[in-house]
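These are my notebook entries on one protein model.

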Amino acid sequence: MIRPLSAPRFARAHVAPSLAPSFALSLAIALGAAALAPGAHAVPLRWTAQNDVLTLDPHSQDHTTTSAILQHAYEGLTRYNEQWEIEPCLATKWTQISPTQFRFELRKGVKFHDGSPFTADDVVFSFDRIRQPQGTMQIYVTGIKEIRKVDDFTVDLILDSPQPILLRNLVDFRIMSKAWSEKNKATQMADYKAKDENYASRHASGTGPYEITSWQPDQKVSMVINKAWWDKNKGNITEVSYIPIKSDPTRVAALTSGDVDLLTEVPTQDVAAVKADAKLKSIEGPETRTIFFAMDLGSDELRGASVKGKNPFKDVRVREALSLAIDREAIRRSIMRGLSVPASLMVAPGVHGYDAALDKPRAPDLAKAKKLLADAGYPSGFEIPLNCPNNRYVNDEKICLAVVSMWSKIGVTARLSAQPMSQHSQLFQRFEAPLYMLGWGVSTRDALYALQALARTRSGGADGSFNFSKVSDPALDKLIDAAKSEVDTAKRDALLRDALVRTRDQYLFIPLHHQVRPWAMRANLQTLHRSNDRPEARFTTIK
């Protein structure tokens, strides 16, 4: 349960930039630490990245930073181990009774952070709640028709059809306490895109290894170890402070000065210097995330565009032209400092279904792009709003600025509006962004997750759960729907391949690159690099 933070709010924005790393951040950390219960053997982890969580509601927003924090407090029936293998979590065992029925035996003796016991009622309640239309997490219960209580510690999952990645999906189906939600009037999810909130938006009570004690938006999320957790931590962290810092120099200075221990968003220009610092070390690997542009493919007229009475993006030649105008290699070399893989596919290396042979973006061709626009009826180009985040992905705003310049060479004027991710996300979820940047990390490590959420026609529930660009392609829908239930691996892989190729060749999105993600840390810290960009304190040790 949440304990109020006694320290006053402290706004870093009111501090001179030169003082930010040494004064504002240190004071914010000190104020937060004062609110934590004292412990003789406390081992705090101070972790920073550039953007904040969007909410503390585990069923609301499919957003990596939010999930990275909430995985510490909330758990699913299954989870990943160190090697990305599925293992039991709140379920101890599962048995396939038929192709469309699985029986899960639940862990006994587990309590939520508020002390209420975990039972089958909480699983059934959470299933009903995560499917509410105001959230974007329905993809994690895709294909589940019903969760039926057998007894207090047994549930049956009744499926629409066989689900080959069911156990992977369930990792991020986080279980909430029915009693806690009813007590705090949070059985209905708040509508994030409408800026609504309820108790679960700012408070948490899960069964996980850490208890969230406070969230000061844009300043800090604080957690303490759950001493009553049913499992044993493999690390020694007793307290976690997550401190979002948008400014690249301030974020790096916080690490080099010792104000934080872990930095998971190292600015590309600082990677070499961080690696050369004897007080620090770094680990890196590919992230299962693709950065791309989404276009409104469904509206009859684009909001804020110079073209009236029709939608240029409905013409594949326009979409192809925009893609051909982008020099991905220049972005990789000059902006990303080599820390990206130019992309034409909508999934990254490490995701099941990815094929490097298919992921070969075309070289920029301005002459071809101009001809495509002219053939589509736009010889002079057109003007369009472009919405981008400025604190979410590596160099997001810089990339958007570069692409604006590239598009201008073919006559397309993109009016850039860059905002913090919290505002950006609300904007496109209201269908108010005709052209916008997004990054998609594949948490299930399977291509179906990206295809179904982003490219499947939006029809409620899991289908098109994050399709805010109104993609609707019946041929693609057929491939995606077949892949949902195909249990023959070879046949399913062929379906995923065909779906990825069709998405690519129809230019339903404009992929830019797959991110490569270095993490930097104090030399005395050990942790696992996670390709989903979600550090886990339970795997972290500070010596």
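**Contacts and overall form**

I looked up the contacts (heavy atoms within 4.5 Å). In the protein, 71% of those with a separation of 6 or more join residues 24 or more positions apart. I note that the model is predicted, that local features need pLDDT of at least 70 and side-chain atom pairs pLDDT 80 or more, and that totals for chains, interfaces and linings use all residues. Numbering runs from 1 along each chain as its sequence is written, and side-chain values use heavy atoms, without hydrogens and water.

Along the principal axes, its C-alpha atoms fill a box of roughly 70 × 60 × 40 Å.

**Secondary structure and burial**

I found 16 helices and 19 strands, as DSSP runs (helices H or I, at least four residues; strands E, at least two) numbered from the N terminus. For burial I used relative accessible area with a 1.4 Å probe and protein chains only: buried is under 20%, exposed over 50%, partly exposed in between. Of the 543 residues, 61% count as buried.

**Positive phi values**

Phe431, not a glycine, has a positive phi of about 60 degrees. I located Phe431 in the loop between helix H13 (421-429) and strand E16 (435-441); it is partly exposed at 32%.

Tyr507 has a positive phi near 50 degrees. I located Tyr507 between helix H16 (489-505) and strand E17 (509-522), in the loop; at 13% it counts as buried.
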